[in-house]
Amino acid sequence: MSRGRSVQLSASPLLASKTPVWRSKLIVAAMALGFLTLMGRAAHVQVIHNDFFIQQGEVRFARTLALPANRGRVVDRHGVLLASSVPAPSIWANPEDMERDPVKLQQLARLLKMTPAELGQRLKNEEKTFVWLRRQLDEPVVKEVLALGIKGVYDIKEYKRIYPEGEAVAHLVGFTNVEDKGQEGVELVFQKQLSGQAGSRRVIKDRLGRVVEAVGETLHPVDGQDVQLSIDSKVQFYAYQTLRDAVKANKAKAGSVVVLDVQTGEILALANYPSYVPDKRVNLSGEQLRNRALTDSFEPGSIMKPFTVALALEQGLVKPETSIQTAPGRITISGSTIRDVKMHGLLTVNQVIQKSSNVGTVKMAMQMQPRDMWELFSELGFGHKPDLPFPGVVSGRLRPYKSWRPVEQATMSYGYGVSGSLFQVARAYTVFARDGEIVPATLLKSVQQVQGTRVISPDSARAIRHMLQLAAGPGGTGPQAQTMGYSVGGKSGTARKQEGKGYASDKYRSFFVGIAPIDQPRIVVAVMVDEPNNGVYYGGAVAGPVFSQTVQQTLRVMGVQPDMAVKPQILAQAVEESF
């Protein structure tokens with residue numbers, strides 16, 4: 001090629017051809033349209049219809065963290081803890097983003113007390129972003145779990161309930177479930193007051209589960225309020241311990257104790273056996289869960305006799321010294337024969353209660369109108385649901401008086417044909433302790449003396465107290481109820497248990513209900529032992545000693561000074577009483 005020769009671009013046919021103007025414009029227009037489409041799509045996604053994408057982003061990265069409220073405490077009348085919450089972190093996982101190292105997973109399963117198969121079952125759905133692995137663990141265990149460094153496994157702050165007084169207060173306090181919601185007892189009744197109001201916090205997390213930033217306003221939790229019961233934890237423990245020992249010693253099925261402060265109407269103790277440990281509820285049975293003192297209804301037997309005699313005194317039918325012939329130890333009403341355990345012959349009204357004569361009680365009852373007996377039993381609370389905010393409280397059974405047959409009126413006078421709970425019986429006996437007034441009962445602490453409702457006259461109430469003192473002394477049916485240092489009065493009862501349409505021949509409930517001190521009463525104590533099966537079943541012999549020990553410990557705790565010489569009581573070797 002010569003040095004002066006130049007390349008002629010126009011020599012190429014492609015380069016020499018002219019491009020139409022419309023083509024270049026079309027290309028520019030197409031590019032502009034593409035940019036406009038992208039801009040429109042961006043505006044559609046980010047501005048106009050962005051709800052779906054925001055939601056999807058929040059599903060992946062936004063979390064609402066619950067800020068649990070601290071559940072209120074349950075305390076006794078002196079502030080002793082009966083139930084409280086302690087930190088108990090829980091472990092959760094994000095299966096979608098979880099590391100699945102077999103060695104680490106096996107270690108994790110061991111710490112969580114699970115088999116590898118169980119852990120794998122919980123983590124099998126990899127589309128989930130949240131699954132519980134174990135709730136309410138001890139903090140050292142949680143630290144070991146986190147130390148494994150497994151991606152996608154996290155802890156969260158939670159609380160669990162502890163019950164320092166254990167099985168002694170289980171039926172009263174109840175328990176909560178893993179969600180911290182009350183399931184039984186006070187925990188259920190006062191759920192709203194105890195639970196408070198949970199808070200929340202909205203945050204953005206990265207793919208490793210770390211909080212990047214908080215979004216929105218934090219709703220702070222409001223802790224629950226404390227609940228202070230009328231229960232005295234010392235009295236409750238002594239009552240439960242004494243009852244438990246008596247049930248075991250008598251090879252009985254179960255038992256209950258109720259202790260009431262007659263001045264304030266406060267429940268100082270309400271114990272049942274068998275019981276359970278509230279925070280270790282493994283293989284629980286209905287027998288353990290039942291709050292028998294409130295939920296079980298039964299025919300009271302002879303502990304109803306003082307009410308019948310009180311009505312006879314009120315109506316002027318008898319006086320304490322009035323004589324009643326109980327020989328030959330039986331009486332027939334409408335073809336049915338009612339018997340005493342032994343023949344007593346001529347008895348005063350005082351002695352009818354002291355000896356627990358069915359015949360003497362029936363002879364007084366048959367002089368009354370059925371309506372009068374029904375009104376008295378109704379005023380005492382039988383047939384009415386007690387005003388206690390407690391689950392499962394029974395009302396008992398008191399049939400309309402118009403349907404009573406003569407024999408039914410007779411049997412009701414000594415506690416058959418009418419039914420109620422042990423709590424109802426204990427409250428009814430406050431009418432004798434309060435000189436004729438029955439007091440409303442409460443499970444919450446009260447420092448003021450309550451106003452009672454007049455049922456019988458003060459004179460009749462004091463006369464019955466004297467009879468109860470005789471019944472609990474030498475020559476009565478309950479001498480084992482005598483208490484060292486304190487005067488007591490009370491009535492024993494032994495009721496056959498219903499079985500089918502009749503009564504079992506070998507199954508009994510043994511009772512003792514009484515008052516102490518007798519001249520200036522402070523407490524009523526009611527005891528029931530169900531189906532004693534160790535050769536003795538009379539109420540005075542089975543329930544009387546439980547009453548005695550409970551009274552002694554309760555009055556000492558209350559600071560009540562002894563009103564009798566502190567010396568051992570000489571008890572009758574043989575105890576006989578009627579049904």
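1. Contact here means heavy atoms within 4.5 Å. Helices (H or I, at least four residues) and strands (E, at least two) are DSSP runs, numbered from the N terminus. The model is predicted: local features need pLDDT of at least 70, side-chain atom pairs count only at pLDDT 80 or more, and totals for chains, interfaces and linings use all residues. Residues are numbered from 1 along each chain as its sequence is written, and side-chain values use heavy atoms, with hydrogens and water left out.

2. Helix H4 spans residues 102–111, and its buried residues are Leu 105, Leu 108, Ala 109 and Leu 111. Viewed down the axis of H4, these buried residues fall within an arc of 160 degrees (taken from the directions from the helix axis to the C-beta atoms), so they line one face of the helix. Buried means under 20% relative accessible area, exposed over 50% and partly exposed in between (1.4 Å probe, protein chains only).

3. At the N-terminal end, H4 is capped by Asp 101, with a side-chain oxygen 3.0 Å from the backbone nitrogen of Val 103. Just after H4, Lys 113 has a positive phi of about 55 degrees.

4. Arg 330 belongs to strand S16 (residues 330–333). Arg 330 is partly exposed, at 46% relative accessible area. Leaving aside residues up to four places away in sequence, Arg 330 touches Thr 337, Ile 338, Arg 339 and Val 359. Ser 357 is 27 residues from Arg 330 along the chain, and their C-alpha atoms are separated by 9.8 Å.

Technical notes: A polar contact is a pair of N or O atoms within 3.5 Å; within protein, one must be able to donate a hydrogen and the other to accept it, and residues adjacent in sequence count only if both atoms are side-chain atoms.
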